[in-house]
Amino acid sequence: MTLLEFNNLFKSKLIARIDKNELDEFFFWLIDHFCNCSRMDYILNSSTKIPKTQEQNLKNSIDSLLNEMPIQYVIGETNFMNLIFKLNNSVLIPRPETEELVRWIINDEHTNKNILDIGTGSGCIAVSLSKNLNNCKVTGWDISEDIIKIANHNATLNNVTVEFELSDITKPKLVDNKYDVIVSNPPYVTIKEKKFISNNVKFFEPYTALFVEDDDPLYFYKKIFDFSNTNLKPNGFLYLEINENFSKEVIKLLKDKGFYDIKLKNDFRSKNRMIKAVKK
Ligand SMILES: C[S@@+](CC[C@H](N)C(=O)[O-])C[C@H]1O[C@@H](n2cnc3c(N)ncnc32)[C@H](O)[C@@H]1O
């Protein structure tokens, strides 16, 4: 099969399911990933024959996409802050709004800081901070060996040192040195909101990365604030990604816990998405 023939097959199978522009993007991601063939290579020579193993991989990708698997899991990686992150379905696919949170922290120009990322997943926040901030010691916590393995792999891939550790924020490990900065994008989607979530997220992304109980939507924020009360230095910074429907509640909780200089920011979709606060 040639690249052009695969393109025709790909489009004929998926056009009813996936938007045309997105489909073009997916096609180029796949041939780049499996055949090391760039957009320009394709334009110049779409009659190139695809070797048998790669043809099979590409055909399997069609099946995966038909089953609504996100393209990032199909190719096993994504781009975040211009870095490559390997993924499997034990970790959440990093989102563009999380890049905005990371850029906020980078723009604050922290140097020589001790930073903790709670619920690190692929390590996208921790690795990007380590890459972009000077002389910072970055630690990332999560709850399973599989997740820590991927995060470690991503630190190595991006040539940074990050200490990834198993630690559950509901019963956190004891820490020797207090942190200057704590960042977290914790699970914040309520079960009630599940009906608004697309199938490829619901069926493929890890439940424990996404969802919280309806009767306690701020569960993880409470745990993070309690931990920060003892483990964030005075005048240390807390950066959080939040559910746009609970910004007022998170801010109230922060005030109740004695944080000050609380700033709320919108994401690129104009939703209340991130908060910065300072500890007394
Ligand atoms: C919304 S995801 C964020 C992942 C990554 N930081 C990102 O921004 O793409 C939430 C993460 O919190 C982790 N998590 C869930 N419960 C946790 C707990 N009790 N303690 C620590 N991390 C937890 C999940 O495994 C998941 O990786």
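Trainee: How do the residues of the shell around the ligand divide into nonpolar, polar and charged?

Mentor: In this predicted model, the shell around the ligand holds 12 nonpolar, eight polar and two charged residues. Gly counts as polar in this scheme.

Trainee: Which residues come nearest to the ligand?

Mentor: Of the 22 residues around the ligand, the nearest are Gly119, Gly121, Ile169, Asn185 and Ala209.

Trainee: Which residues make the contact?

Mentor: H6 contributes Thr98, Val102, Ile105 and Ile106, while H7 contributes Cys124, Ile125, Ser128, Leu129 and Asn132. By class, six of the residues in this contact are nonpolar, three are polar and none is charged.

Trainee: Where does glutamate 109 lie?

Mentor: Glutamate 109 is in the loop between helix H6 (96–107) and strand S3 (114–118). The C-alpha atom of glutamate 109 is separated by 8.3 Å from that of asparagine 134, and the two residues are 25 apart along the chain.

Trainee: Why is strand S11 said to be largely enclosed by the rest of the structure?

Mentor: A residue is buried if 20 or more other C-beta atoms lie within 10 Å of its own. In S11 (residues 272–279), six of the eight residues are buried, so the strand is largely enclosed by the rest of the structure.

Trainee: What makes S9 and S11 a pair?

Mentor: Pairing needs at least two bridges. Strand S9 (residues 232–241) and S11 have five bridges, in the antiparallel sense. Phenylalanine 237 has valine 278 in S11 as its bridge partner.

Trainee: How many bridges join S10 and S11?

Mentor: Strand S10 (residues 259–266) pairs with S11 over six bridges, in the antiparallel sense. Lysine 265 stands opposite methionine 274 of S11.

Trainee: What do S10 and S11 form, and which residue in the turn has a positive phi?

Mentor: S10 and S11 form a hairpin with five residues between them. In the turn, serine 270 has a positive phi of about 65°.

Key. Residues numbered from 1 in each chain as written. Predicted model: local features only at pLDDT ≥ 70, side-chain atom pairs only at ≥ 80, totals over all residues. Near = placed C-beta within 6 Å. Helix = DSSP H or I, 4+ residues; strand = E, 2+ residues; numbered from the N terminus. Buried ≥ 20, exposed ≤ 12 C-beta atoms within 10 Å, placed from the backbone. Contact = placed C-beta atoms within 7 Å.
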